Amino acid sequence: MKVCIAEKPSVAREIAAVLGANTKRDGYFEGNGYAVTYTFGHLCTLYEPVDYKPYWKSWDLNNLPMLPEKFQVKVADNEGIKKQFNIVKSLFDKAEVVINCGDAGQEGELIQRWVINEANYKGKVQRLWISSLTTEAIKEGFKNLKSSKDYDNLYYAGFSRSIGDWLLGINATRLYTVKHGGYKQVLSVGRVQTPTLAMLVNRFKEIENFVPQPYWELQTLYRDTLFSYEEGRFLKMEDGEILANKVKEHEFEIVSITKKKGTEYAPKLFDLTGLQVYCNTKFGFSADETLKIAQKLYEKKAVTYPRVDTTFLPNDVYPKVKGILSKLTDYSNFTAPLLTKKIKKSAKVFNDKKVTDHHAIIPTGIQTHLQYNEQQVYDIIVKRFIAVFYEDCKVSNTTVIGKAADVNFKTTGKEILSKGWRVVFEKQDTSTALSVTKDNILPTFVKGEKGPHKPSFLEKQTKPPKQYTEASLLRAMETAGKQVDDDELRDLMKENGIGRPSTRANIIETLFKRKYIKRNKKQILPTITGIQLIDTIQNELLKSAELTGTWEKQLKDIEKGKISANAFIKGMKRMVDALVYEVRSEKVQTRISAVNNKPVGKSKSKSKGKTKAKNLVGSKCPKCKSGQLIKGKSAYGCSLYGKSCDFTLPFKFGEKTISENQYIRLLSKGSTVNLKGFKINGESTEGLLRFDDAFKLKLEPKQTTKKAVVKAGDACPKCKTGKILKGKTAFGCSNYKVGCDYRVSF
């Protein structure tokens with residue numbers, strides 16, 4: 001009997017149907033000489049510390065580092081899992097050959113190998129390696145079964161990854177928890193999660209500590225087209241003012257018009273990270289949600305294997321393209337023009353050198369009923385696939401140079417000459433979907449033409465970087481924290497990214513579960529505990545995205561057979577040993593406790609219709625609505641002060657210094673809180689600040705009212721008909737039973 005073992009029951013059912021194993025048994029399918037069984041993900045797991053040495057159960061610094069000589073695997077301690085494992089083992093005992101049908105990736109290889117090894121199976125093992133679950137793909141895969149030995153390096157890489165995570169995760173977590181954790185506070189530290197958290201904390205601090213720098217821009221409006229000073233911004237106002245005054249006196253003249261034809265290529269096919277980034281930006285799905293949807297689409301046979309890190313297809317997929325396109329009948333208005341001619345083959349799509357285990361995510365051609373979220377993800381995968389076979393988009397890029405006096409200005413625009421692949425996305429907002437700027441269509445200019453213009457000289461301020469969203473965090477993990485926008489360069493850096501495409505979503509979710517990060521709409525912000533943890537970890541290697549990227553590169557090299565698993569594990573053991581020695585000798589300054597895990601910087605109270613400004617400097621002028629507030633020597637003021645606006649906020653009012661936070665409250669809520677310490681006409685007073693009709697500050701003194709003297713038996717001042725009664729803690733009206741709520745506490 002041939003025994004097939006898949007990663008989950010639903011996949012086993014698909015394989016069994018193709019093989020003719022149609023009889024359902026407890027824990028497997030049987031028929032036609034096959035038994036098709038399954039795992040539920042990880043049936044086996046690495047030993048816990050206590051499994052090696054009983055005294056390692058204790059979280060004690062004296063037990064660290066825990067460095068087992070040989071790492072061992074066991075069946076997970078769960079009754080349902082143990083039952084299924086015994087079913088699998090009994091089938092293996094009768095097998096003439098075992099066919100590993102696990103997911104075709106590192107994790108899938110590891111899961112099944114551990115089960116095969118723990119079942120002590122010594123016979124022949126073959127490997128099914130497929131990229132989709134269509135009947136055609138499964139049949140083709142069984143015709144081309146490979147020897148399990150061909151995937152030994154893949155298994156060694158997966159095993160090394162698990163050991164590396166165990167060594168650093170368990171030792172560092174116990175180390176920092178015992179040394180720096182507060183009451184019942186576990187400080188989880190990991191090979192991938194800690195550098196990821198460090199990136200979020202560093203970005204948050206960068207924004208918090210950002211000091212805006214002023215700069216000035218000279219622009220002019222000619223024929224409803226905005227031209228900018230050709231040499232860019234000014235760092236000194238005086239330099240720009242000289243030119244601004246100069247150009248006012250002269251007409252604007254068009255000096256040159258340059259048109260250059262260009263090509264825009266279709267957006268790349270999706271790898272998993274690209275799909276997660278798109279779905280987070282466009283639909284607001286988390287990375288984990290997108291992965292689960294993509295996995296469902298794979299199991300429904302609608303798309304190919306999703307846990308991939310390439311955007312290319314191998315050349316042997318090219319002959320199948322026409323068949324896939326012809327089956328996509330729901331998209332026939334887009335596929336019809338392609339099916340009447342030879343399918344385009346581009347090196348930007350087909351490249352064997354860029355494909356290892358799996359190719360980019362593409363549709364299989366099988367169309368089925370999908371839920372709304374699944375349909376959204378499926379739709380963009382299909383459209384990307386169709387678009388790469390369309391012609392390139394042809395554009396004309398226009399640069400126009402104009403001048404006033406001898407000062408040059410420039411503007412650029414684009415004209416689409418041939419839409420090409422763009423027609424596939426026309427119903428969408430292409431500026432979001434394809435990350436291209438909206439086309440700036442220019443009027444027809446003639447060299448030498450002249451006319452009046454409206455110059456403007458504006459003060460602006462540099463802006464801080466943006467907080468991470470899940471989309472930008474995924475991209476940062478892909479490039480080990482480096483800001484890379486170019487697709488080609490990003491492809492080259494993928495080998496050194498943090499984590500694998502299939503694990504990044506889980507890493508982010510783990511940080512949420514640990515309460516190290518929180519969501520603020522689309523932003524991901526570190527919590528106080530997350531910031532404290534990164535501040536406490538003095539060892540820079542633990543927080544280094546680049547080091548983690550180097551480990552990922554080593555794991556890929558194990559997969560390729562370039563280095564041994566033993567070398568990687570020895571390196572990890574050396575690092576853990578040094579880390580324990582270093583941290584044990586640290587002085588404990590503070591204990592970290594998860595008392596307050598609100599995202600840092602998030603306002604506790606939500607004001608309806610108005611949001612609290614984070615900075616006064618840079619916010620919009622409340623008077624003219626055009627300028628921005630800047631900081632002077634004795635006051636905040638509008639950037640257009642002295643030109644078209646006279647708004648100021650003095651540092652002091654009534655001899656009292658007013659804090660920036662109070663001015664922020666004044667702008668957002670209409671007044672400061674009640675403040676003490678004002679001196680008006682030599683007398684101390686208290687009150688709150690508001691704006692008058694001319695947006696000048698005015699003090700509204702605190703209203704004080706004398707409490708009326710209340711005596712039992714008096715007439716009720718509210719309802720006029722009841723009498724005042726004396727209770728245990730307050731006076732009240734005798735008509736309280738019929739609705740009078742007058743009450744004065746003692």
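**Entry 1: a pair across two strands**

I began at Y229, which stands opposite F409 in strand β14. This is a predicted model, and I read each entry with that in mind. Strand β14 covers residues 407-418, and β11 pairs with β14 in the antiparallel sense over 2 bridges.

I then looked up the other pairing of β11. Strand β10 (residues 214-222) and strand β11 (residues 225-229) are antiparallel to each other, with 4 bridges between them. Within this pairing I found T220 opposite F227 of β11. What lies between β10 and β11? I found a hairpin, with 2 residues between the two strands. R223 is in the turn, and its phi is positive, about 50°.

**Entry 2: confidence**

I checked the confidence of the prediction next. The chain has a mean pLDDT of 87, and 92% of its residues reach 70 or more. Which residues stay under 50? I noted residues 428-438, where the pLDDT stays under 50 and the model has 19 contacts beyond four places in sequence. I also noted residues 601-613, with pLDDT below 50 and 11 contacts in the model beyond near neighbours in sequence. Where pLDDT is low, the predicted coordinates should not be read in detail. I left the details of both stretches alone.

**Entry 3: a sheet of 3 strands**

I moved on to an open sheet with the strand order β19-β20-β21 and antiparallel pairing. Which strands stand at the edges? They are β19 (629-631) and β21 (648-650); each has a single partner strand, so one side of each has no neighbour in the sheet. From one strand to the next, the twist averages 20°.

G637 is placed opposite T648 of β21.

I also looked for a helix by this sheet. Helix α22, made of residues 660-669, lies across β19, β20 and β21. Helix α22 runs at about 145° to β21.

I picked L629 in strand β19. Is L629 buried or exposed? L629 counts as buried, because its relative accessibility is 0%. I compared its place in sequence with its place in space: L629 and K460 are 169 residues apart in sequence, and their C-alpha atoms are 9.8 Å apart.

I then took E459, which is in strand β16 (residues 454-461). E459 has a relative accessible area of 13%, so I wrote it down as buried. What does E459 touch, leaving out residues up to four places away in sequence? I listed P214, Y215, W216, Q628, I630 and S639. Of these, P214, Y215 and W216 fall within the residue range of β10, and I630 falls within that of β19.

**Entry 4: cysteines**

How many disulfides are there in the whole structure? My search found 0. The cut-off for a disulfide is a pair of sulfur atoms within 2.5 Å.

I looked up burial for two cysteines. C645 is buried, because its relative accessible area is 8% and buried means under 20%. C733 is also buried, at 1% relative accessibility.

Definitions and conventions. Residues are numbered from 1 along each chain as its sequence is written. This is a predicted model: local features need pLDDT of at least 70, side-chain atom pairs count only at pLDDT 80 or more; totals for chains, interfaces and linings use all residues. Side-chain values use heavy atoms; hydrogens and water are left out. pLDDT is the predictor's confidence in each residue, from 0 to 100. Contact means heavy atoms within 4.5 Å. Buried means under 20% relative accessible area, exposed over 50%, partly exposed in between (1.4 Å probe, protein chains only). Two strands pair if DSSP finds at least two bridges between them. Axes are lines fitted to C-alpha atoms, for helices over the stretch in contact, and angles run from 0 to 180 degrees between N-to-C directions.
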